[in-house]
Amino acid sequence: EFHDTLTEQEFSQAAKMSVGMVVNTAGVLYFIYATPKEWYQDGGLVNGAFTMLLINAIIPPIIPYCDFGYQIRKTQRSKLEARLPYFNEVLGRGPNPKDKEQQDELKAVKAEIEAFKRAHAPGSMNPTRRYATAIKTFVCCLLYEPVFPMISLVGLVGLCFQYWMDKYLLLGWFSRPKRPLNADIANFFVRFVKLVGPIGLSVSFFIFLTPSFSDKNAVLSQFIISIVTSSIFSLVFPLSVWIRCWLGLPCHGEFQVLEHEDDYYQAQYMWSKEMKYHKDQFIYKNLPEDKNPEFLKPGTSTAVSVTDMKAVADMRTSTEQCEER
């Protein structure tokens with residue numbers, strides 16, 4: 001697949017990963033114990049669901065805490081002290097040595113220093129996997145709640161534990177991502193839960209409770225009522241309507257953005273240069289500062305002409321030819 005933006009790529013990966021995790025966890029477990037008489041037996045569906053979902057709720061949040069990539073780079077970090085005298089000697093000659101051999105040596109030292117920086121940097125959060133793990137825990141516990149109501153407590157504990165662990169790692173350990181994602185993925189999963197949650201719970205109740213009733217028509221009539229109600233909630237009205245009803249807001253009108261809320265022109269001063277598209281994109285980042293300023297101002301056009309782009313391309317071509325010579 002090819003995506004125009006990083007957000008679209010991460011969005012696609014998170015959606016597919018979530019569906020795959022739910023099928024591999026809830027689906028496989030149900031197919032193993034598809035016969036109703038196996039659901040409540042010792043070692044049957046209830047025991048298997050509890051054990052699998054408990055493990056899936058606790059183990060995945062702990063894995064990022066170990067940061068295995070950082071532990072693997074420990075050997076490389078241990079070599080830094082022995083290399084420091086050599087680095088100081090080469091860097092002490094100045095930034096612009098005239099000798100060709102010293103220029104190559106300086107370039108190699110800078111590359112090695114960057115490698116040591118990467119070795120000392122902790123890992124970064126994988127938001128697609130974290131979102132997918134949270135959705136997997138929520139949906140799987142929701143689907144098996146009719147056959148084992150106490151499983152909802154496992155999901156609650158798992159989600160709270162993941163939230164605590166992610167918050168601790170994000171604020172206290174993980175390095176800052178070079179290209180942070182926006183709120184599109186989070187908003188998508190909110191709508192995903194709104195769609196799958198009520199309908200999935202209704203279907204799950206019908207599947208797991210029907211074998212326990214002698215009067216199947218009574219279960220079917222209640223299922224029809226519940227599936228119609230959940231479908232209206234999930235499909236007919238958007239989430240904003242239910243939020244307004246919950247908060248007691250009028251159903252008409254738009255939410256007003258407060259004046260003190262940060263917009264892009266204010267938030268841009270809190271971001272590094274690598275976090276801004278026009279300073280990180282492989283074409284725009286080569287433009288001079290007067291043509292592509294880092295900080296944008298309202299009412300000031302920063303459109304780039306074709307002539308400026310051709311000048312950058314010609315400059316890059318000349319530079320590459322000089323390096324080859």
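**Close-up views of a predicted model**

**View 1. Cys141 is a buried residue of the predicted model.** Its relative accessible area is 5%, which is under the 20% cut-off for buried. Cys141 takes part in no disulfide. The nearest cysteine sulfur belongs to Cys140 and is 6.9 Å away. A disulfide would need the two sulfur atoms within 2.5 Å. Searching the whole structure gives zero disulfides. Cys66 is partly exposed, at 30% relative accessible area.

**View 2. Helix H7 runs from residue 127 to residue 143.** Its 17 residues should span 24 Å at 1.5 Å a residue. The end C-alpha atoms are 24 Å apart, so expectation and model agree. The buried residues of H7 include Thr128, Arg130, Lys136 and Val139. Cys140 and Cys141 are also among them.

**View 3. Helices H5 and H6 pack against each other.** H5 covers residues 80–91 and H6 covers residues 100–120. Their angle is about 145 degrees, and their axes lie 10 Å apart. The crossing is left-handed. H5 contributes Leu80, Arg83, Tyr86, Phe87, Val90 and Leu91 to the contact. From H6 come Glu105, Leu106, Val109, Glu112, Ile113, Phe116 and His120. Residues three or four places apart on an α-helix point the same way, because a turn takes 3.6 residues.

View 4. Residues 14–33 are 95% helix and 0% strand, with end C-alpha atoms 28 Å apart. Residues 138–165 are 75% helix and 0% strand. The end C-alpha atoms of residues 138–165 lie 17 Å apart.

Terms used: Residues numbered from 1 in each chain as written. Predicted model: local features only at pLDDT ≥ 70, side-chain atom pairs only at ≥ 80, totals over all residues. Heavy atoms only, no water. Buried < 20%, exposed > 50% of the residue type's maximum accessible area, 1.4 Å probe, protein only. Helix = DSSP H or I, 4+ residues; strand = E, 2+ residues; numbered from the N terminus. Expected span 1.5 Å × (residues − 1). Axes fitted to C-alpha atoms, helices over the stretch in contact; angles between N-to-C directions. Left-handed = near helix turned anticlockwise from the far one by under 90°. Contact = heavy atoms within 4.5 Å.
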